[in-house]
Amino acid sequence: MKINVEANGPISIVHCGGSLDADSVGSFKKITNGLIENGAMYLVMDFQHMPFIDSMGLGALISLQRKIKQADGVLKVASLCEDVKTIFEITRLHRLFEVCQDLQAACEMPEA
Amino acid sequence: MPLFQESLTIYSDTGYLEMLRAWIQDIARKLGDEKFPQNAILGITTSLIEAVNNAIFHAHKGKVASPVIIHLKVEEDYILLDVVDQGAGFALEERSLPQDEQSSGRGVFLIQHFMHEIESITEDHQHTLRMKYHL
């Protein structure tokens with residue numbers, strides 16, 4: 001998986017290119033944990049180019065959600081393809097995560 | 001005589017996962033929607049990946065040199081997927097979905113969701129997870 005991080009004001013957009021699975025979770029965790037350790041409070045996962053997720057990928061996302069919540073931060077996921085959306089729904093994780101239609105919606109910050 | 005059958009042997013290395021997904025896509029494309037429906041691809045792919053992950057991490061404890069053998073057979077009314085490892089196997093009781101915040105335990109649940117029949121067969125120091133998808 002190719003991961004690029006884009007800063008958009010206070011928002012860190014994590015662009016994920018490729019599948020989030022047992023093979024890529026290591027690098028995914030390293031990068032996203034690093035963002036939180038460096039103070040990122042608002043993370044948006046851009047999954048537009050992520051065609052597949054397995055249970056280990058789901059686990060990594062859940063761990064990330066837990067970490068950012070502990071830091072009083074926000075995690076959103078955006079642009080899920082149909083297959084990934086199906087996996088989220090089967091595992092009911094569409095209830096745990098804030099799932100946004102697209103990046104624009106995900107980057108809308110709540111009014112102060 | 002099956003419509004199609006093919007076998008692969010891989011090492012216990014997650015680097016093969018992408019190749020396995022492409023393998024399923026390729027077979028589905030070759031056979032066409034009538035023999036390998038588009039709506040079966042996600043279920044077959046997910047079940048294969050989850051079964052291989054189980055073999056790599058649980059059966060082989062990450063020992064890369066341990067082989068994982070995969071058999072895929074397409075018949076008129078079902079697709080059969082066998083994933084063979086050298087582990088002791090595991091009990092196939094009905095898995096409920098873990099609590100939302102739990103980060104593990106969804107792999108077998110996903111296989112049970114997608115596949116219509118599942119068998120765990122252990123013999124001759126080999127374990128086969130046999131998964132059948134009715135067409």
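## A tour of chains A and B

Start with chain B: select its 5 strands, and you get an open sheet in the order S1-S2-S3-S5-S4, paired antiparallel (strands are DSSP E runs of at least two residues, helices H or I runs of at least four, numbered from the N terminus; two strands pair if DSSP finds at least two bridges between them). S1 (4–11) and S4 (117–123) of chain B sit at the edges with a single partner strand each, so one side of each has no neighbour in the sheet.

This is a predicted model, where local features need pLDDT of at least 70, side-chain atom pairs count only at pLDDT 80 or more, and totals for chains, interfaces and linings use all residues. Residues are numbered from 1 along each chain as its sequence is written, chains are lettered from A and ligands numbered from 1 in the order written, and side-chain values use heavy atoms, leaving out hydrogens and water.

Next, pick S3 (78–85) and S5 (126–134) of chain B, an antiparallel pair with 8 bridges. Click Leu80(B): its bridge partner in S5(B) is Lys132(B).

Now hop to chain A and select H1, residues 25–37. Its buried residues (under 20% relative accessible area, 1.4 Å probe, protein chains only) are Val25(A), Phe28(A), Thr32(A), Asn33(A), Gly34(A), Leu35(A) and Ile36(A). Among what covers them is helix H2 (55–70) of chain A. Just after H1(A), look for Gly39(A), with a positive phi of about 95°.

Finally, show H1(A) and H2(A) together: they pack at about 10°, axes 10 Å apart (axes are lines fitted to C-alpha atoms over the stretch in contact, with angles from 0 to 180 degrees between N-to-C directions; contact means heavy atoms within 4.5 Å).

Key
The expected span of a helix is 1.5 Å times one less than its number of residues. Buried means under 20% relative accessible area, exposed over 50%, partly exposed in between (1.4 Å probe, protein chains only).
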